[in-house]
Amino acid sequence: MSSEPSTPDEEDVEQLAEGDPAPKGEHRVPTSEEDAGSVPGILGYRTTSGFGSDADVRSEPSAPPDKIRKYWNSYYNEFALTRAPLKSFDLAVMEPGYRIRVEDADGERDEDMEEALKLWSGNCVIHAGEMGHDLATLLGKLPSKRRGKGTALIEKVGTEEDPDAMAALMSLDPATFQIYTREDQTVLIQPDDDVDDDHPTTDDGEAAAYNQYDADLLRYSEKDPIPFTVDDIIKLTYDADDGEVWGTSVFDACRDRIDALIQKIEDRDFAVRQTGYAHRIYSSENWSQAEAEDYAEAHKEGDVSSEYGPDDDEADRGGDKESFAGRVDFVPDAVNVQVEEGTVPDIAAAVRDDIEQIFSVMPVGKYQIAYADDLNQFVVDPQIEKDNERVDHERRYIERKLTPVLEEKADELASGERYNGTIHFSIEPQQDENPIRREGFPAENLTALMDAFSQFAESGADMYMPPGAFAELAGFDLDELRERHDWDSDPLELPDSQDTPGAMPGADEGEDEDGGGHRDRDGDEDTGDDTETESESEDDGESE
């Protein structure tokens, strides 16, 4: 292996992979109405009878959490009050975008490798059936997926020509996977583990840690399972318990409150429909039960009505002869009418209690979504701080998971050798090389910098900062300003005759309070400046 860092050649930068991405993972449709992903009879880990004891490593399959897909559909796709905070969290986490910076083995910036990785990340994601999406498309959905499903799985997609290459990334449904670990351990099966002959293996003969559409996962087609090694999948989990390889969905902690809230809202809607109009009870002492039922049925069809509206020829004037508007119903003898006014129960307090419990496990405060009318700044300010902490924590987690992916891609771009440089991946805005030009540069830091320059100028030091260096640090381009203002020469450049220590800041003789010795002037010609002070004239003479 070469000790010098390898960089991608021009062909690699343009193409990044030989051939189009060829995903192995699939999205099959369950063949049963039952929830796919739940495995009857399997609780936690188990050892199948087919795994003999002669193998050096015995493996145990771990099924995905029960009803993972049902929870996602019911509590994320179909329920706005939990979907909204999770989507809001997604946006907050990826709001600044991401940044890739590469340094070679000497600590110098490796622009070639950096541009290659940026090119790959800019179109490496397969999403919604389309290739060429930016990495941000994938990252922007991970926070809600790993919380809502508990686990998010991403395939490192190879090509037909080179399945081991990493041409793209694609998110897969964790409910379709079985994960294999070493017996009595939560260590995933490694590619070179000496497992039983019945253990799933890849086409290369490597032991699989993930098996999509495993035989134990019922209700799918009869197609063969799809094995993946531990290196083929990126696994992100949320709140995984000890001894578990799967994460925990936030819906596990609040699904009973979600169901209760949905039921309350449905009951309220039904009550509104039932009590929104007065309930009229028609009765007569001369009716038998059968007659009352006959009248009710006849009234429904209008058979007991004697006439239509004000005019029987309504249809001749464009009206509807079948309309019951304005009809008068006649029934025999005296009829008593009893009106019962309906009411809708007050469920506001119960609804708020459910919402409080639901938002206790959401990554954003309820003030961002709904029911914030009873909040004030003393409640919101601490909540904002907590929300920001969650966002920052999520960013750091994704960075730790994605940095090794970019390092692997850098190794691949370095002609298959290990890239000796350092890959920095961060979720933050792209930054200017000059910190002063960065959007978030603190104003107090700029003030401190200018104070330092002022103190340096007054210190009497013989050293001075060249004007061009000061301009670059201050964040402006002298050439651009010269063209914009049609300057004949650099306004900060001193003539050679004046470029002496005596003319620099800190010179002991002839320096005026206004810093006249710093002015850019042509010492051989009269500038025509009528405001020139006497002290400035003396400075020019001494400098010459």
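In the predicted model, the side chains of Glu428 and Arg99 form a salt bridge, with an N to O distance of 2.7 Å. Glu428 sits in the loop between strand S15 (422-426) and helix H11 (443-458), and Arg99 sits in strand S2 (residues 99-103), so the pair ties together parts that are 329 residues apart in sequence. The two partners fall into separate accessibility classes. Glu428 has a relative accessible area of 23%, so Glu428 is partly exposed. Arg99 has a relative accessible area of 17%; because buried means under 20%, Arg99 is buried.

A second salt bridge joins the side chains of Arg182 and Asp193, at 2.9 Å from N to O. Arg182 belongs to strand S7 (residues 177-182), while Asp193 lies in the loop between S7 and strand S8 (210-212), so this pair ties together parts that are 11 residues apart in sequence. Arg182 counts as partly exposed, at 24% relative accessibility. Asp193 is buried, with a relative accessible area of 11%.

The side chains of Arg396 and Asp392 meet in a salt bridge of 2.4 Å, N to O. Both residues are in helix H10 (residues 377-413) and stand four residues apart, so about one helical turn separates them. Arg396 is partly exposed, with a relative accessible area of 28%. Asp392 also counts as partly exposed, at 38% relative accessibility.

In total, the structure holds 21 salt bridges.

Helix packing was examined next. Helix H2 (residues 68-77) packs against helix H7 (residues 251-275) at an angle of about 55 degrees. The axes of H2 and H7 are 11 Å apart. The two helices are therefore oblique to each other. Their crossing is left-handed. On the H2 side, the contact involves Tyr71, Tyr75 and Tyr76. On the H7 side, Phe251, Asp252, Arg255, Ile258 and Asp259 take part. By class, the contact of H2 with H7 has five nonpolar residues, three charged residues and no polar ones.

H2 also packs against helix H3 (residues 80-94), at an angle of about 90 degrees. Here the axes are 6 Å apart. Angles of 65 to 115 degrees count as roughly perpendicular, so H2 is roughly perpendicular to H3. H2 contributes Tyr75, Tyr76 and Asn77 to this contact. H3 contributes Thr82, Arg83, Leu86 and Lys87. The contact of H2 with H3 has three nonpolar, two polar and two charged residues.

The protein chain has 544 residues, and 36% of them count as buried. Arg99 and Asp193 are among the buried residues. Contacts across the sequence were also counted. Among contacts between residues at least 6 apart in sequence, 68% join residues at least 24 apart. The salt bridge of Glu428 and Arg99 ties together parts that are 329 residues apart in sequence.

Conventions:
Residues are numbered from 1 along each chain as its sequence is written. This is a predicted model: local features need pLDDT of at least 70, side-chain atom pairs count only at pLDDT 80 or more; totals for chains, interfaces and linings use all residues. Side-chain values use heavy atoms; hydrogens and water are left out. Axes are lines fitted to C-alpha atoms, for helices over the stretch in contact, and angles run from 0 to 180 degrees between N-to-C directions. Angles under 35 degrees count as roughly parallel, over 145 as roughly antiparallel, 65 to 115 as roughly perpendicular and the rest as oblique. A crossing is left-handed if the near helix is turned anticlockwise from the far one by less than a right angle, and right-handed if clockwise. Contact means heavy atoms within 4.5 Å. Ala, Val, Leu, Ile, Met, Phe, Trp, Tyr, Cys and Pro count as nonpolar, Asp, Glu, Lys and Arg as charged, and the others, Gly among them, as polar. A salt bridge is a side-chain nitrogen of Lys or Arg within 4 Å of a carboxyl oxygen of Asp or Glu. Buried means under 20% relative accessible area, exposed over 50%, partly exposed in between (1.4 Å probe, protein chains only).
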